[in-house]
Every structure is written in structure tokens, then in C-alpha cells.
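Here's a quick briefing to read with the model open beside you. Take a look at the fold first, then go through the points below.

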Amino acid sequence: MNLVKWNPFKELEDVSNRLNGLFGRFPATTESGREMLAMADWIPTVDISETDAAYLIKAEIPGVKKEEAKVTLQDGMLIIEGERKQEKEEKDKKFHRIERSYGSFVRSFRLPDNVEEASVIAEFKDGMLNVTLPKSKKAESKSVNVNIA
């Protein structure tokens with residue numbers, strides 16, 4: 001009978017790899033199959049609020065130019081995408097630490113049925129993307145109690 005020493009860090013790594021596989025994120029590897037240290041994708045943070053007239057999505061995308069951001073409505077989804085580019089390495093500049101995330105990003109949100117898609121407005125100012133989703137004037141669905149026989 002062989003005894004195997006339990007390695008909690010190996011088990012944690014296995015769980016992480018399985019979760020990454022579920023979400024379609026696979027670590028970068030070298031030719032020998034060893035995992036490389038790779039910078040993670042970044043996802044802008046958002047606030048979603050609602051008034052009687054509209055939904056509002058505020059996305060923080062500092063360092064992204066207006067021309068590098070895109071808002072799309074497709075098949076009942078709102079898609080926000082863009083890219084934050086990293087500074088080019090300069091010969092006389094030496095970086096001591098890089099903590100900000102760079103690269104492409106995509107956020108998508110399922111639209112409620114009462115959004116008037118033709119009237120959606122997106123505004124970009126000071127690193128904030130504000131998307132206003134006006135509510136349609138359609139009759140709101142009402143709740144009906146059904147008796148159980």
C-alpha cells in the first residue's frame with residue numbers, strides 16, 4: 001500500500017484549473033507544457049441602477065479612449081467592449097511595479113423585456129461610460145394568482 005502525502009496547494013490549483021476551464025480561461029503554457037505567469041484579463045466594474053423611466057449602467061473604464069470603447073445591442077444583450085493599452089516601453093524609463101491591468105475587455109448584460117432598444121444612449125466622459133436604457137411604455141406584466149385544484 002502506497003501512502004500519498006496530501007498537498008493542499010496542489011488541490012487548490014486543481015480546483016482553480018477546473019473553474020478556469022468552465023469559464024473558458026486556460027493558462028498560457030510554454031512548449032514544454034509548463035504554465036507561464038500571465039497577466040489576467042481585466043473586467044471593468046459597473047453600477048446598475050433603475051428609475052421609473054430607465055435603467056442606468058455606469059462602467060469605469062479609465063485609460064480607455066472613447067474610440068476604443070464599443071457598445072452593442074444584440075439578441076437581447078447589451079455588450080460593452082474595448083481595450084486599455086499598456087504604455088510602450090521607453091529606453092530611459094524603468095518600471096518598478098505594474099499593477100494596473102491591460103488588454104481587451106468584454107462585459108455583457110441581458111436586457112429586461114421592457115427596454116426600448118431603439119432609444120438607448122451611451123455617453124463617455126472622464127473614464128466613465130454611462131449607458132441609459134429607457135423603459136418602453138408597453139403594458140407592464142401583472143401578477144395573477146392561480147388557484148391550485
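Setting aside neighbours within four places in sequence, Arg84 is in contact with Trp42, Pro62, Gly63, Val64, Ser101, Tyr102 and Gly103. Keep in mind that this is a predicted model.

**Arg84 and its charge**
- Arg84 is buried, yet it has no salt bridge.
- Which side chain of opposite charge is nearest to Arg84? That's Glu60, and it is 8.4 Å away.

**What the Arg84 side chain reaches**
- One backbone oxygen it gets to is that of Pro62, at 2.7 Å.
- The Arg84 side chain also reaches the backbone oxygen of Ser101, at 2.9 Å.
- Both Pro62 and Ser101 turn up in the contact list for Arg84 too.

**The sheet around β4**
- Three strands make up an open sheet, ordered β3-β4-β5, with antiparallel pairing.
- The edges belong to β3 (69-74) and β5 (103-110); each has a single partner strand, so one side of each has no neighbour in the sheet.
- From one strand to the next, the twist averages 15 degrees.

**How β3 and β4 pair**
- β3 and β4 (residues 77-84) run antiparallel and are joined by six bridges.
- For a specific pair to look up, Lys70 has Glu81 in β4 as its bridge partner.

Terms used:
Residues are numbered from 1 along each chain as its sequence is written. This is a predicted model: local features need pLDDT of at least 70, side-chain atom pairs count only at pLDDT 80 or more; totals for chains, interfaces and linings use all residues. Side-chain values use heavy atoms; hydrogens and water are left out. Two strands pair if DSSP finds at least two bridges between them. Helices (H or I, at least four residues) and strands (E, at least two) are DSSP runs, numbered from the N terminus. Axes are lines fitted to C-alpha atoms, for helices over the stretch in contact, and angles run from 0 to 180 degrees between N-to-C directions. Buried means under 20% relative accessible area, exposed over 50%, partly exposed in between (1.4 Å probe, protein chains only). Lys and Arg count as positive and Asp and Glu as negative; His and the chain ends are not counted. A salt bridge is a side-chain nitrogen of Lys or Arg within 4 Å of a carboxyl oxygen of Asp or Glu. A polar contact is a pair of N or O atoms within 3.5 Å; within protein, one must be able to donate a hydrogen and the other to accept it, and residues adjacent in sequence count only if both atoms are side-chain atoms. Contact means heavy atoms within 4.5 Å.
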